[in-house]
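Here are my notes on this structure, for someone opening it for the first time. Please read them with the model on screen.

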Amino acid sequence: MQSAIVRSREFLLSEQHPMGIGVGNWKPIRCSRPTTSICIRNWKAAIQAGSSGALTEMMRYQNEDGSWSIYPGGPGNISLSVKCYSSAKLMGVEAGDPRLAKCRAWVLAHGGVVACNTFTKMYLCGLGEYDYDAVPAIPPEIVLFPRWFYFNIYEISSWSRSISCSAGHHVR
């Protein structure tokens, strides 16, 4: 076990940029950055004047049907649409605004918040808009199961492991 930790640490350090940051081939979704920016600023109760620019940029990419897509010309994405809707409301856009009404209708027609991915549900939990108990969670003890066991943590994607395990340890 210790050698795996050492090898992992050495690999990660070898991939690190000389400035000390992690570098990868990750291209954020167009609206993901503005919605995260808006929510973080609200969570800190420090909305700055610059947030209106993020809202304007996000709203610029709303599809005709009221949804948001994760790539140009793509179909609406339920999780991103819910994040955009929530972010717009946090920025003071009224629920009755035609743009949000159109988004709400699209989201409801596509399964509502329950159809969102776990990350979006956790995002909403942090805002007090979704119940933590409704978020799928993996018991953290699963990391103790051996690799040969029928179900083991290594058969789950790393991103899913971090989200699902954190859902099981929320603070109320």
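Which residues have the most contacts inside the largest nonpolar core?

1. **Basis.** This is a predicted model: local features need pLDDT of at least 70, side-chain atom pairs count only at pLDDT 80 or more, and totals for chains, interfaces and linings use all residues. Residues are numbered from 1 along each chain as its sequence is written, and side-chain values use heavy atoms, with hydrogens and water left out.

2. **The core.** Leu55, Met58, Met59, Trp68, Ala88 and Val107 have the most contacts inside the largest nonpolar core, which has 21 residues. A nonpolar core is a set of buried Ala, Val, Leu, Ile, Met, Phe, Trp, Tyr and Cys residues joined through side-chain atoms within 4.5 Å. At least two residues of this core come from each of α3 (51-60), α4, α5 and α6 (118-126). The most come from α4, which gives six. Helices here are DSSP runs (H or I, at least four residues), numbered from the N terminus.

3. Leu100, Cys103, Trp106 and Val107 are the buried residues of α5. Buried means under 20% relative accessible area, exposed over 50%, and partly exposed in between (1.4 Å probe, protein chains only). These four residues lie on the same side of α5 because they cover an arc of only 120° around the axis, taken from the directions from the helix axis to the C-beta atoms. The buried residues of α5 pack against α4 (78-90), where contact means heavy atoms within 4.5 Å.

4. **Helix α5, other side.** Pro98, Leu108 and Ala109 are exposed there. Leucine 108 counts as exposed because its relative accessibility is 61%.

5. **Ends of α5.** At the start, a side-chain oxygen of aspartate 97 comes to within 2.8 Å of the backbone nitrogen of arginine 99. Glycine 111 follows α5, and its phi is positive, near 110°.

6. **Aromatic pairs.** The structure holds three. Rings of Phe, Tyr and Trp (its six-membered ring) pair if their centres lie within 6.5 Å; planes under 30 degrees apart count as stacked, over 60 as edge-to-face and the rest as tilted. Phenylalanine 119 and tyrosine 123 are a tilted pair, with centres 6.4 Å apart and planes at 40°. Both lie in helix α6, four residues apart. Phenylalanine 119 is partly exposed at 33% relative accessibility, whereas tyrosine 123 is buried at 6%.

7. **Aromatic cluster.** Phenylalanine 145 and phenylalanine 149 form a tilted pair, 4.6 Å centre to centre with 45° between the planes. Ring pairs link Phe145, Trp148 and Phe149 into a cluster.

Methods. A polar contact is a pair of N or O atoms within 3.5 Å; within protein, one must be able to donate a hydrogen and the other to accept it, and residues adjacent in sequence count only if both atoms are side-chain atoms.
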